[in-house]
Amino acid sequence: MRIMSIALGGCISACPEYGITQDTGGHIAYILGEMIALAERDDVASAEIVTRLFDCAALDRKHAEIREDISDKLMITRIDSGNRNYLAKEKLAADRAAFTAA
C-alpha cells in the first residue's frame, strides 16, 4: 500500500520548528506523527507528505527543496506552484489552482 497526505499549510519538515509561523503548530505534529506511524507498518510500501514549496529568507531553506526523506519509506515532496512565497493559511486558497496544476 502507498499512502499520500496533502498538507499545504505551515512549515512541514522532518524536524519542524514549531511556532516559527502562526501556521506551524499542532496540525504539523499530527500529520508527521500519523505518517511516521503509517510508514512503520509492514503493509505500507511508502508514505508521502505533499506540500507547497516555498523559499523565504526568514525561514529554513529546506522548504525550497523538492524532496526530503524522513525514513526509508517516508518522504516529503514539495510542489512548486510558481509562487515561492510563504503563504499563511488564509492565503492558501488563492494558490490552490496553481498548486493543483503543478
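Q: In this predicted model, is K62 buried or exposed, and at what relative accessibility?
A: The cut-off for a buried residue is a relative accessible area under 20%. K62 falls under that limit and therefore counts as buried, its relative accessibility being 15%.

Q: Which residue forms a salt bridge with K62?
A: The closest N and O atoms of the pair are 3.9 Å apart, and a salt bridge is counted within 4 Å.

Q: How many salt bridges does a search of the whole structure find?
A: Over the whole structure, the number found is 7.

Q: Are R41 and D43 buried, partly exposed or exposed?
A: The partly exposed class lies between the buried limit of 20% and the exposed limit of 50%. R41 has a relative accessibility of 41%, while D43 has 37%. Because these values lie in that range, R41 is partly exposed, and for D43 the class is likewise partly exposed.

Q: Which residue is joined to D95 by a polar contact of 2.8 Å between side chains?
A: D95 lies in the loop between β4 and α2 (96-101) and counts as buried, at 5% relative accessibility. Leaving aside neighbours within four places in sequence, D95 is in contact with R52, S81, N83 and L87. Among these contacts, the side chain that makes the 2.8 Å polar contact with that of D95 belongs to R52.

Q: What distance separates the C-alpha atoms of D95 and E34?
A: These two residues stand 61 residues apart along the chain. In the model, their C-alpha atoms are separated by 26 Å.

Q: Which element gives the most residues to the largest nonpolar core?
A: The largest nonpolar core has 13 residues, and those with the most contacts inside it are A7, I12, I31, M35, A47, I49 and L74. At least two residues of this core come from each of α1 (26-39), β2 (46-52) and β4 (74-79). The element that gives the most, with 5 residues, is α1.

Q: Which residues are in contact with L74, leaving aside its neighbours within four places in sequence?
A: L74 is one of the residues with the most contacts inside the largest nonpolar core, and contact here means heavy atoms within 4.5 Å. With the sequence neighbours set aside, the residues in contact with L74 are M35, I36, A39, A47, E48, I49 and D69.

Q: What is the volume of the largest cavity?
A: A search of the whole structure finds 1 cavity of 30 Å³ or more. The lining of the largest cavity consists of L8, G10, C11, I12, T51, R52, F54, H63 and R78. Its volume is about 40 Å³.

Conventions
Residues numbered from 1 in each chain as written. Predicted model: local features only at pLDDT ≥ 70, side-chain atom pairs only at ≥ 80, totals over all residues. Heavy atoms only, no water. Core = buried A, V, L, I, M, F, W, Y, C linked by side-chain atoms within 4.5 Å. Buried < 20%, exposed > 50% of the residue type's maximum accessible area, 1.4 Å probe, protein only. Helix = DSSP H or I, 4+ residues; strand = E, 2+ residues; numbered from the N terminus. Salt bridge = Lys/Arg side-chain N within 4 Å of Asp/Glu carboxyl O. Polar contact = N/O pair within 3.5 Å; in protein donor to acceptor, adjacent residues only side chain to side chain. 1 Å grid on protein atoms, 1.4 Å probe; cavity = no way out; pocket = protein on both sides within 12 Å on 5 of 7 lines; lining within 4 Å. Points joined across faces, edges and corners; volume = space filled by probe spheres on them.
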